[in-house]
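Here is a friendly walk through one protein chain, written for someone who likes cut-offs stated plainly. Please keep the model open beside the text as you read.

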Amino acid sequence: MNFIRIPLFLFFIGICKFSAAKDIHADPTSPTHGTIIFSTIGRANYNFDIYTLPAVLSPPSSDPKEFKITDGISLNFNGFFPDPNSSLFSLLAQNQTLLSTKPYSSSSPPFIELIYVTERNGTSKIYYDVVHDDSLSQLRSRSALEIPARLQIPMLSDARTNGQVWMKDKPSLAGEYLIYMSTHEDSEVSRLSWAAVYSTHVRTGSTRRLTPDGVVDFSPAVSPSGEWTAVASLEERVWDTEVDELGTNIYMFLTRNGSSRIKIVEHGGWPSWMDDYTIYFHRRSYDDGWWSVYRAILPRVGRVSMESVVVERVTPPGLHAFTPATSPENKDFIAIATRRPESKYRYIELFDLVRKEFKEVTRPVSPQTHHFNPFLSPDSTRIGYHKCRGVAEGSEGQHHILENLQSPIPGISLFRVEGTYPSLSPLGDRIVYAMSPGLYVVDLNGSNRRELYKEEAFATAWDPVREGVIYFSAGPIFGAEGTRVDIISMNVDDENLSYKKLTEGGDNNAFPSLSPDGKRIVFRSGRSGHKNLFIMDAVEGEKGGLQRLTEGPWTDTMCNWSPDGEWIAFASNRENPGGWSFAIYMIHPNGTGLRRVIRSGIPGRANHPWFSPDGKRIVFATDYAGISAEPISYPHQYQPYGEVFVANVDGSGIQRMTHNSYEDGTPTWGAAFIRPRNVARPIDDSGCTFDDCHWLSTDPESGAGEDLMAPTRTRCGWKF
């Protein structure tokens with residue numbers, strides 16, 4: 001396939017050039033160095049691409065063919081079909097030869113234009129693609145064969161934000177301006193989301209924030225005239241631990257500058273304009289509990305206000321219907337995502353506004369996967385959506401063991417690991433991690449992946465002195481103080497993989513961390529009736545001596561020993577015993593010098609601290625940045641607010657490392673700098689094994705369905 005990516009002077013991809021040197025090196029002279037690895041539940045299985053199908057209410061004359069628009073690289077999602085008559089292509093492509101590759105005459109081959117979000121090199125970007133669709137053309141002319149099958153243009157440059165890493169979402173177009181959500185500005189308030197709506201001129205790059213300072217906006221949608229933008233807004237509210245419906249309201253404002261901001265709907269999200277006076281949106285009904293699509297009808301004369309806007313329910317109870325999509329050329333139907341009580345999957349359907357009937361779109365074509373966030377072409381003839389692309393029949397799938405992310409801090413490489421609770425060997429040449437169940441070790445290049453332990457395991461650590469020796473917690477991850485969990489040591493180079501149990505009694509002994517001389521282990525234990533910290537001998541375990549480090553009717557957990565041996569960092573809810581609010585503390589190994597370092601407020605959470613190699617900084621997981629998107633628009637995240645941050649050991653200099661709507665957690669920091677590149681392994685399944693939102697699995701009328709309090713997968717990030 002012919003493929004052209006256009007590296008324009010304003011719109012480019014930063015291409016990382018790697019030398020032939022070894023993958024690992026350490027620079028002890030660098031003030032900050034090393035590698036941070038962390039886990040994201042389910043993320044390695046998403047493999048999203050954007051697809052399209054005909055949008056027709058009547059039965060098709062033949063079986064519709066699903067067309068994959070995006071290129072199968074990384075994640076591609078949340079698309080938007082621009083008006084083919086817009087000037088977007090000419091604005092982006094300064095070259096006349098490129099302009100000639102986009103014909104629209106009746107004799108020319110058909111093209112699809114798409115604006116969408118993509119994650120390349122682990123970083124969110126917005127792309128514009130022009131794709132030739134062979135399925136729409138019976139015969140390509142000779143001149144058409146000379147046209148590249150894909151033109152691809154990155155629409156936003158990292159240079160415009162001084163190389164910052166940031167999340168972008170829900171792009172659309174208003175004339176010559178790209179409208180989108182971004183998280184690149186710190187709200188400077190704990191748990192107040194960084195999500196805000198911006199406008200960028202596609203040629204000059206001039207950018208304006210449309211969301212007022214201190215306000216949180218999600219899911220922007222531009223009206224057909226381009227004059228107005230609607231958003232789902234949290235207003236000035238900090239995130240208050242919601243993981244399903246956020247309690248957003250619908251606002252509208254002038255697209256050109258964000259002025260004339262008006263609240264038009266109480267309780268609603270994911271707005272979509274049918275015309276400049278009609279907005280469709282979703283909400284969960286207070287009356288019956290079903291997610292449904294509603295419409296807001298704005299007055300054509302007089303002042304627009306909540307009192308003058310008429311709100312009507314569109315989809316009936318009995319199924320969940322959400323993330324509506326409209327087209328200005330069509331008043332007959334809308335597109336929606338649905339989750340029916342009898343189905344395990346999320347599908348895309350059309351809803352006939354005249355007959356009040358549903359028309360299936362994606363289930364007949366690909367019934368064994370979830371489909372997300374529909375969008376309609378301007379002429380309403382095509383429907384777009386994203387789903388997991390899976391593995392083609394007869395092909396071998398690839399699964400990332402290590403996925404490199406762009407690091408905002410020079411000298412630090414950043415990786416997402418396929419499992420949970422990962423840790424790097426002292427030399428940086430191996431990684432051990434949990435897969436629930438099971439514990440695995442793998443070489444840095446992806447080879448020699450081996451299962452070390454078959455049962456449930458978590459919280460791994462390497463011995464800094466004895467080569468190949470690891471420590472981990474064996475037992476259930478989430479349990480009360482008396483739950484049977486023990487700390488085990490094992491030499492991964494031992495052919496028989498024999499192991500030694502270091503704790504006795506099994507009273508939820510977990511989160512081992514070694515002193516830098518390898519002589520002692522600090523760990524969490526529930527033996528006193530509360531989860532507090534203890535220290536024991538690293539070789540003999542409790543039999544070699546036991547020291548109690550903390551004491552109190554609260555939970556102290558997730559401990560890590562500093563490289564100089566002077567401090568132990570840990571997470572604790574001692575400010576709110578029994579609650580879910582955790583802060584990070586430090587204490588000397590002799591029990592003195594206790595101080596709080598990082599706090600995300602109450603009920604905020606800061607967990608899983610780990611010292612940098614020089615002991616001057618800490619990496620941790622926190623909800624400090626709140627939530628970055630409407631949770632219903634993504635696959636299931638147990639806690640869709642976790643991000644990785646670093647800070648100085650005195651709590652200053654807090655810096656965000658990850659920006660997304662996933663649950664990032666359990667970070668660790670190794671001394672070796674690992675060359676930033678992806679490492680994959682082959683898989684023999686579809687690679688699409690992830691869950692839809694668990695709270696969509698219950699029938700709100702009967703309560704039947706999945707037990708939402710019984711997790712089917714490991715929860716990483718915040719629990720103890």
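A residue counts as buried when its relative accessible area is under 20%, as exposed when that value is over 50%, and as partly exposed in between, using a 1.4 Å probe and protein chains only. The model is predicted: local features need pLDDT of at least 70, side-chain atom pairs count only at pLDDT 80 or more, and totals for chains, interfaces and linings use all residues. Residues are numbered from 1 along each chain as its sequence is written, and side-chain values use heavy atoms, with hydrogens and water left out.

**The chain as a whole**

Of the 720 residues in the chain, 60% are buried. Its secondary structure comes to three helices and 52 strands; helices (H or I, at least four residues) and strands (E, at least two) are DSSP runs numbered from the N terminus. Taking contact to mean heavy atoms within 4.5 Å, residues 24 or more positions apart supply 57% of the contacts that have a separation of 6 or more.

**Cores**

A nonpolar core is a set of buried Ala, Val, Leu, Ile, Met, Phe, Trp, Tyr and Cys residues joined through side-chain atoms within 4.5 Å. The largest one here has 24 residues, and F48, F218 and F690 have the most contacts inside it. Strand 6 (75–80), strand 14 (216–222) and strand 15 (228–235) each give two or more residues to this core. A second, separate core has 21 residues, including A459, L533, L549 and F570.

**Cysteines**

How many disulfides does a search of the whole structure find? There is one, where a disulfide is a pair of cysteine sulfur atoms within 2.5 Å. This disulfide joins C388 to C688, with an S to S distance of 1.9 Å. The link of C388 and C688 is left-handed, with -80° about the S-S bond. C388 belongs to strand 27 (residues 382–388) and C688 to the segment after strand 52 (679–683), so the pair ties together parts that are 300 residues apart in sequence. Both C388 and C688 are buried.

| Residue | Relative accessible area |
|---|---|
| C559 | 6% |
| C693 | 2% |
| T211 | 2% |
| H386 | 2% |

T211 sits in the loop between strand 13 (207–209) and strand 14. Its side chain makes a polar contact with the side chain of D217 at 2.8 Å; a polar contact is a pair of N or O atoms within 3.5 Å, and within protein one must be able to donate a hydrogen and the other to accept it, while residues adjacent in sequence count only if both atoms are side-chain atoms. Leaving aside neighbours within four places in sequence, T211 is in contact with A196, V197, V216, D217 and R261.

H386 lies in strand 27. A polar atom of the H386 side chain is 3.3 Å from the backbone nitrogen of N78. Not counting residues up to four places away in sequence, H386 touches several residues, among them F48, N76, N78 and H370.

Four strands form an open sheet in the order 38-39-40-41, with antiparallel pairing; two strands pair if DSSP finds at least two bridges between them. Strand 38 (510–514) and strand 41 (541–548) stand at the edges with a single partner strand each, so one side of each is left without a neighbour in the sheet. Strand 40 (residues 532–537) and strand 41 are joined by four bridges, and F534 has R548 in strand 41 as its bridge partner.
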